[in-house]
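Hi everyone, thanks for coming.

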Amino acid sequence: MPRSAPLLLCLLGLLLAAAPARADSLPSWGTGQSRGEDLVISLVTFSPGDDVASWWGHGSLVVEDRRLGEQRLYNYGMFSFDSTMLGRYAMGRLEFWVDDASAALTFRAYQRLNRDVRVQQLNLTPAQSLEVARLLAENVLPQNREYLYHHYNDNCVTRLRDMVDRAVGGQFRQAASAPGRMTLREHTRRYTAVSPPMSVLLDFLMNDEIDRPITRWEEAFLPDELERQVGEVQVVGADGQKVPLAAKSWTYFKSDRPAPPAEPPNYGPWMLALGLGVGASAMGLGYWGRKGGRLPRVLLGLANVVLGLVLGIPGTVLLVMWTVTDHTVTFGNENLFLANPMTLLAVPLGVMFAWGSAKAREYLRVLWLMLAVSGGLGLVLKVLPLFNQDNWRLIAFILPISVGFAGAFYLDRLLARASASGRAPGEPLSSSLKAP
């Protein structure tokens, strides 16, 4: 599996907000004092929160020794938010670590954040419980605690999933080998639906690596999915009979937050309508300025500046992430046909055009024509199996904009030629422009 970090800081996800300080001493199961029959292992699921990093929810494992009255929560979502962290993240190599904390204090912290706290007590044998507890106590040691984070393949929930599967001898993974309900992109889109602009941005930045069919096991990178599967699967118990993996479940705290949508939002028609509207508006400004008015010229120039920023910055970031970082989910992204560093040229050219530069008008005409042709090429190439990225929503949004802006400057040129022989000093927009 790829080991790159997620695309943006907003995809760090799954971290523990307000984690209390861990105790310094080893727990009884780390010193060999605990007996397997006294240990209880529970999976805890925390629902999504308000900030971007918590949109995905979170999960932890709790170990309790009922004989000795000791309990700890293990959280694999710890990371250091500092300048070095940002540098590592930028290059796609972000280290997370596991820490332990008081379960009671952690539960109350999530309750204060108005986030669900749901508990599943695992149906493990004494030997299995002792093994899980021992491994958790070892993982939290300084020499063992760090790991290279990957949003989909290796995060603070997949670590819990793998730990449970190891305890039951691979039965969990085997039971979860069926096809998943949806792709990683579709899961990402439904969890980011709380912010449509951010959802569209992430959709733009990620390539076809997250569009392939996946199994239910891979879907368990999400806390809710892991919880669902633990609640459904059965494993062979100590007596050789199948038993539910979740011995019992209960809710410590129920928030009043709505659950993430079951399906990703259908943004396609809205994005197509918006793209057509922006493209048509550009052509309307070009037609309005046919008599050389200053206002339509300035508005069209400002529109170029805005579109150059809105599309050019993500396109430039995408190319950089592909070429110089380890973010594998950006490599070979087809959306570079639609927006790329070339789109940023619309910013200075738009300013020059609004100021009255005739050369800027010509450069913008060529620029948008090239972007329209490039976007059209990306659309035509979709007939080939290699170009299978699920980016139809982005095509529906960006391609009409490129075509519309190219049409606006082409229309201006036609009007200029048509009226040049009949009007002096020239009524169309183009003839009112001055040399830079």
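Let's start with a term: a salt bridge here is a side-chain nitrogen of Lys or Arg within 4 Å of a carboxyl oxygen of Asp or Glu. Keep in mind that this is a predicted model.

By that rule, Asp211 and Arg185 pair up through their side chains, at 2.5 Å from N to O. The pair ties together distant parts of the chain, 26 residues apart: Arg185 sits in helix H7, and Asp211 in the loop between helix H8 and helix H9. Are these two buried or exposed? Asp211 is buried, at 15% relative accessible area, and Arg185 is buried too, at 1%.

Now over to helix H14, where Glu362 and Arg365 lie three residues apart, about one turn of the helix. Their side chains also form a salt bridge, at 3.3 Å. Here Glu362 is partly exposed at 22%, while Arg365 counts as buried at 14%. How many salt bridges does the whole structure have? The search finds 28.

Helix H14 comes up again in the second largest cavity, where it gives the most to the lining, with three residues. That cavity holds about 40 Å³ of space, and its lining has four nonpolar, three polar and two charged residues. Phe337 and Lys382 are among them.

Last stop, the surface: Val306, Leu309, Val310, Ile313 and Val317 make a nonpolar patch with about 380 Å² of accessible area together. Val317, in helix H12, is partly exposed at 34%.

Notes. Residues are numbered from 1 along each chain as its sequence is written. This is a predicted model: local features need pLDDT of at least 70, side-chain atom pairs count only at pLDDT 80 or more; totals for chains, interfaces and linings use all residues. Side-chain values use heavy atoms; hydrogens and water are left out. On a 1 Å grid over the protein atoms alone, a cavity is a set of points where a 1.4 Å probe fits but cannot get out, and a pocket is an open set with protein on both sides within 12 Å along at least five of seven lines; lining residues have an atom within 4 Å of a point. Grid points are joined across faces, edges and corners, and a volume is the space filled by probe spheres set on the points. Helices (H or I, at least four residues) and strands (E, at least two) are DSSP runs, numbered from the N terminus. Ala, Val, Leu, Ile, Met, Phe, Trp, Tyr, Cys and Pro count as nonpolar, Asp, Glu, Lys and Arg as charged, and the others, Gly among them, as polar. Patches are made of residues with over 30% relative accessible area and no salt bridge: like charges are joined within 9 Å, nonpolar side chains (Val, Leu, Ile, Met, Phe, Trp, Tyr) within 5 Å. Accessible areas come from the Shrake-Rupley method with a 1.4 Å probe; for residues, only the protein chains shown count as cover. Buried means under 20% relative accessible area, exposed over 50%, partly exposed in between (1.4 Å probe, protein chains only).
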